[in-house]
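Here is a short walk through one protein model, written for someone who would like to look along while reading. Have the viewer open and follow the residue names as they come up.

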Amino acid sequence: MAVLRIGRMLMAALLVAMLPGLCNGELERFEHPIKSDSSLSFLVVGDWGRKGGYNQSAVAVQMGNVGEKLDVDFIISTGDNFYDNGLLGLDDPAFYESFSRIYNADSLQKQWYRGTFSEL
Ligand SMILES: *[C@@H]1O[C@H](CO)[C@@H](O)[C@H](O)[C@H]1NC(C)=O
């Protein structure tokens, strides 16, 4: 898990830095409103485990603590989220078991952005 607190102007550069293997292609971009003090705080998590195991729950608790302290604006998940075959549909219980039930801290009830680059 990485914790970053940056100004808006650094955002695009950061995303490029996170994706060195994808620089030949078009990077997906998103815009997110900044705080009134012009800051932007977010958490990044990848390869998060499953059903609370592989330390997923422990990391989620710390994400909640840090998220509250920094008043994070959003969370980026770098992928590798639902083992072994991804989600099998809208009602797949894996979504609850490995996401909703785990990242349930108030501070994490923000916009989550998902990428698919955790193998980098
Ligand atoms: C959980 O974290 C502890 C402490 O870092 C580590 O020793 C252990 O191997 C981890 N367990 C799993 C299943 O990843």
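In which sense do strand E2 and strand E3 pair, and over how many bridges? Strand E2 (residues 39-45) and strand E3 (residues 74-77) run parallel, paired over four bridges; two strands count as paired if DSSP finds at least two bridges between them. Within this pair, Val 45 sits opposite Ser 77 of E3. To get from E2 to E3 the chain passes through helix H2 (residues 56-70), and this β-α-β crossover is right-handed. Right-handed here says that, with the strands pointing away from the viewer, the path from the first strand over the helix to the second runs clockwise.

Before going further, please note that this is a predicted model, in which local features need pLDDT of at least 70, side-chain atom pairs count only at pLDDT 80 or more, and totals for chains, interfaces and linings use all residues. Residues are numbered from 1 along each chain as its sequence is written.

**The overall layout**

The protein has three helices and four strands, and from the N terminus they follow the order β-α-β-α-β-α-β. Helices (H or I, at least four residues) and strands (E, at least two) are DSSP runs, numbered from the N terminus. Of the 120 residues, 15% are buried. Buried is used for a residue with 20 or more other C-beta atoms within 10 Å of its own, exposed for 12 or fewer, and partly exposed for values in between, with C-beta atoms placed from the backbone.

Helix H2 has 15 residues and spans 20 Å from first to last C-alpha, close to the 21 Å expected at 1.5 Å a residue; the expected span is 1.5 Å times one less than the number of residues. Its buried residues are Ala 60, Met 63 and Gly 67. They lie on the same side of H2 because they cover an arc of only 55° around the axis, the arc being that of the directions from the helix axis to the C-beta atoms. The face turned away from this buried side holds the exposed residues Ala 58, Asn 65 and Lys 69. E2 is part of what covers the buried residues of H2.

Gln 56 also belongs to H2. Leaving aside neighbours within four places in sequence, Gln 56 contacts Trp 48, Gly 49, Arg 50 and Ile 102; a contact has C-beta atoms, placed from the backbone, within 7 Å.

**The nonpolar core**

The largest nonpolar core has 13 residues, and those touching the most other members are Phe 42, Leu 43, Val 45, Met 63, Ile 75 and Tyr 103. E2, H2 and E3 are the elements giving two or more residues to this core, and E2 supplies the largest share, four residues. Such a core is a set of buried Ala, Val, Leu, Ile, Met, Phe, Trp, Tyr and Cys residues joined through C-beta atoms within 7 Å.

| Residue | C-beta neighbours inside 10 Å | Class |
|---|---|---|
| Lys 51 | 15 neighbours | partly exposed |
| Asn 55 | 11 neighbours | exposed |
| Gln 56 | 19 neighbours | partly exposed |

Lys 51 lies in the loop between E2 and H2 and, although not a glycine, has a positive phi of about 50°. Asn 55 is in the loop between E2 and H2, with a positive phi of about 70° although it is not a glycine. Just after H2, Asp 71 takes a positive phi of about 50°.

Conventions
Two residues are in contact if their C-beta atoms, placed from the backbone, lie within 7 Å.
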